[in-house]
Amino acid sequence: MSSRPCLSPYNDSSNATYVNGHGSGATSFRAKSEAGLQRVQNLPGYTTPVFKGKEEQRTKVQVDVAKKGFIPRELIAREVDWFYSQLGIDDTYFQTESPSVISDHILALFGAKVLAYTKHDVNQLVIDLEKIDEKGNGATFIHTSLPGVTATEGPSATCELRIDSLYLDNSTPSNCYRLETYRSTGVISSIAPQQLRCYFITKCNFSSTQPPSARTDGRTDIRAVSDTAFLERASPYILEVYQKIMWQVEGRYGPVMEVFEVEGTRERRLVIGYKMGGTSRFFSALSHLYHFYQLYSARKYVEQFSNGITIISLYLNPMPESTAAPIEHSILQVMKEASLLYCLPDNPFFLDSVNSGHAVQEASYAYCGWVFAQHFCNRLGPAYLHLKNILDESNPSHAEVLNDIKRRFREETFTRESIALVIHAHPELIHLLYVNFAMSLYPAMSGTSQLSPTLSYQRLQTTQPLSDSELYDKLRRTVQNKQDLQVLESFLIFNKHVLKTNFYQQTKVALSFRLAPGFLPEVEYPQPLFGMFFVIGNEFRGFHIRFRDVARGGIRIVMSRNEENYSINKRMLFDENYGLAATQSLKNKDIPEGGAKGTILPSLGAPPRRCFEKYVDAILDLLIPIPNSAVKERVVDLYGKPELLFFGPDEGTADMMDWAALHACHRGAETWWKSFTTGKSAELLGGVPHDIYAMTSLSIRQYVLGIYKQLGLREKDITKVQTGGPDGDLGSNEILLSSDKTIAVIDGSGVLADPVGINRQELFRLAKLRVPVSHFDKTKLSKDGYLVKVEEQDIKLPSGEIVLDGTDFRNAAHFRFKADLFVPCGGRPEAVNISNVAALTDTEGKPHYKFIVEGANLFFTQQARMHLEKRRVVVFKDSSANKGGVTSSSLEVLAGLALSTEEYTDLMIFKDGKPSDFYQNYVKDIQAKICENAAAEFHCIWQEHIRLQGAKPRTQISDELSITLNHLQAKLEHSDLFDDIPSRRGAMRRAIPKTLVDQVGLDTILERLPETYQRALFSSWVASHFIYKYGVNSSTIDFFYFARDLSRE
């Protein structure tokens, strides 16, 4: 393994020039002009084909036109000559099309002229010709086009959008197309200004007989991955340019953009490279962009390569009578704003720029404010607060009423469409709000750029910025409708709470904002957040929120089944994120990291992995400082402190943690990439998998064993029911670690039951193989045992009962059994809730189970737990029982922070598929910490329940314990006790696993750990060990004695 494993997912491009990439390297490969652009000779990028049979074809076309009889015979020669000689159509067209097709096109052009003449309107002179190959080999589109103008009607209005949709957006290396498009040099008529725009699209042909690369440095040779037609047409100059662009794209995640100044002309060539699938509708959006600056393209090319890279080249020129800024200035703005279009190419507020006048930056700001308003305009207000104070949320029926009202408020007050209408209706106010945003967050001009400020900077200087109060008064006076005013006020709230953003960085794949969360109303979000990230991409939106500075939680991808479900998910995304993070906060009570969670909502049909990668990259933009030598602009950082986030796996992201860690390293997170994600693969990146080492199950077992010990029970005498089968993490490990008499196991494949106890050796076999109960050998069942698979119907049980449907039977099976112990290790959230919990008691009101230890998250609702505890069921909830996984992940983070990259590679990453002695000992330390913490919390809850003589449910004690611990941690983090070095070192020595201290040394570890993390580690260990020892009712005197002993060896 390399000593720098973080570079493995990318080609080595350390010698490439990252003009706009995440990196640095050698000097530029071409001379620069005074304006800073790369200057190239005035040479064609492509070899213009010469069609030798053109004259012979012209003769055949003229004969064919005459045969078709539409054009008067005396005009045929002139029309054909005009088409061949005066329009300036490239020979590619004549070489591609047959005489019959060309004659049809001449007839169509003549007919359009006649129609325009009869209408007395040259604008009616419209040509719309297309030929799409039925076998998918390509297409030709020809239509009339005014240079420098985005058409809003007619064929040219949708042509490029269709090309994007049909040929570019869904490109893969095995199925992609190249595009050549150019404008005719002549007009279509002496009385009309229109020209013809021709598009030629051909399917890429990557020859298998191309010679192998002659390169010896391991880099991609462009000739080895190119389409054969491209290689025939491309000049040596364009191959050189594209080769350098390709290397840069391979070395980074986002797009690479370069501008070339053509010597002796005002033409500028914009070249953009990116990985296939990185964006959509981008080609058509670029046309709208340069038209906004009154530029037109003479030629455009899209080349695609078999290594998954797309390169777009635009040959741009100023309109002859342009009133816009000179191209010498505007081209830099086009390049800057192309990066925003890459993130948001389908932006309705820029597509409406003809009416609104919004440049891309303003339109992108409007889009972000639009999404922000969708989430935070629909607040509940004082009426909801009044009702909430009257009703009792612990009463299930009252809670249901409140939830229904909340949902209706969310759905009916502000819709996505109504917010958009407000934005479209007030372009001048959106402009003022954007200026207000930019005045705080636009990067300061560097010494070089001040000599030639960008157009966006100049635009800001033309508007008198208003203070916040002046802007609010302007909104209030201008907008009479209260709901419209609330939408626009949300933009001002957004502005005032953005602490940093990558909005103005030239290289990005999605837009990210670090928000101060103070705008969230306490009535809806009673637990205040510490930090909040808001991410917007073309095909997704997402949040990351945390309750403490140092916090960790999983990143969840929220998938939508259909349009209706997607609409609901959009409305509820933040609330779901907040709830998940709050639950995580309860579980993280005795580790340094507080509760956090990230959510990503892909659009319907969007690839989830691509959304995750963009989400991570955009957040990294705000976490990793930009070095002074980088071309990438620094962000304005109003927060002013370094931040660390720790991501973990969750629904839909378990296989993406390796990529995120490696990407963080590649982006420059030298010291913390190892701890950026948990759940990494053990062999490749030194992760500590929870399933292999039974991390979560170990904490669950401490609660089960604690019950046995407190009540004097023997495990072999205990009957147990378990959901989650031998194919899962928790289910398999629960089987392997226990020795009880399991009478039923319920999993995704069916229900396995035996009243005398399921054969344990056969259960062990399934658990070790990680296969579901459907693989159970039924010969090992007693006469009263049975296996019902979900796909089976009309099955007769040994009792004579008929099971009509296996799936329905499985879904309700946990209600039918009776046993001493129930351990849910899998199943649907809220499987037991207030509406069905009564099914867990018999007709006499006796509960089916005596003890419940929740392994699976959220299997029971809080009301269901309370209902059971009132009936004297011993219940230990999920946030206490299954915290072993978060403890393991926390210590995985600690190893990543405490070990240098070289040490981490040597000690944590497997060699020849085998772990080091250090790794194995560290895993044992983690397992011991899990057991220690779980046993201590169990004891604390049990003793508090006894002290209160059962007056308070264990579920409530568990929650109050978490809250008490979190509050005490927060106080200790910033207390003087941390500044007492002997006390600090004493706590750290106990908190950090011995294996790590022995290997690295305590002093070295403390030097490497960020101070924020040290404070969190110190406070979490002190708080948890104090409370677990003295209880939640402990006194200040107790803490005095505890603190006094910290410095002792």
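Reply: The second largest cavity has a volume of about 120 Å³, a volume being the space filled by probe spheres set on grid points joined across faces, edges and corners. A cavity here is a set of points on a 1 Å grid over the protein atoms alone where a 1.4 Å probe fits but cannot get out, and lining residues have an atom within 4 Å of a point. The model is predicted, with local features needing pLDDT of at least 70 and side-chain atom pairs pLDDT 80 or more, while totals for chains, interfaces and linings use all residues. Residues are numbered from 1 along each chain, and side-chain values use heavy atoms, without hydrogens and water.

Around this second largest cavity stand 16 lining residues, with Leu168, Asp169, Tyr274, Thr279 and Thr310 nearest its centre. At least two lining residues come from each of the helices α5 (159-168) and α8 (282-292) and the strands β8 (295-304) and β9 (309-318), helices (H or I, at least four residues) and strands (E, at least two) being DSSP runs numbered from the N terminus. Seven lining residues are nonpolar, six polar and three charged.

The largest cavity lies between domain 3 (502-675) and domain 4 (695-952), because both give residues to its lining.

Definitions and conventions
Domains from an automatic or database assignment. 1 Å grid on protein atoms, 1.4 Å probe; cavity = no way out; pocket = protein on both sides within 12 Å on 5 of 7 lines; lining within 4 Å. Nonpolar A, V, L, I, M, F, W, Y, C, P; charged D, E, K, R; others polar.
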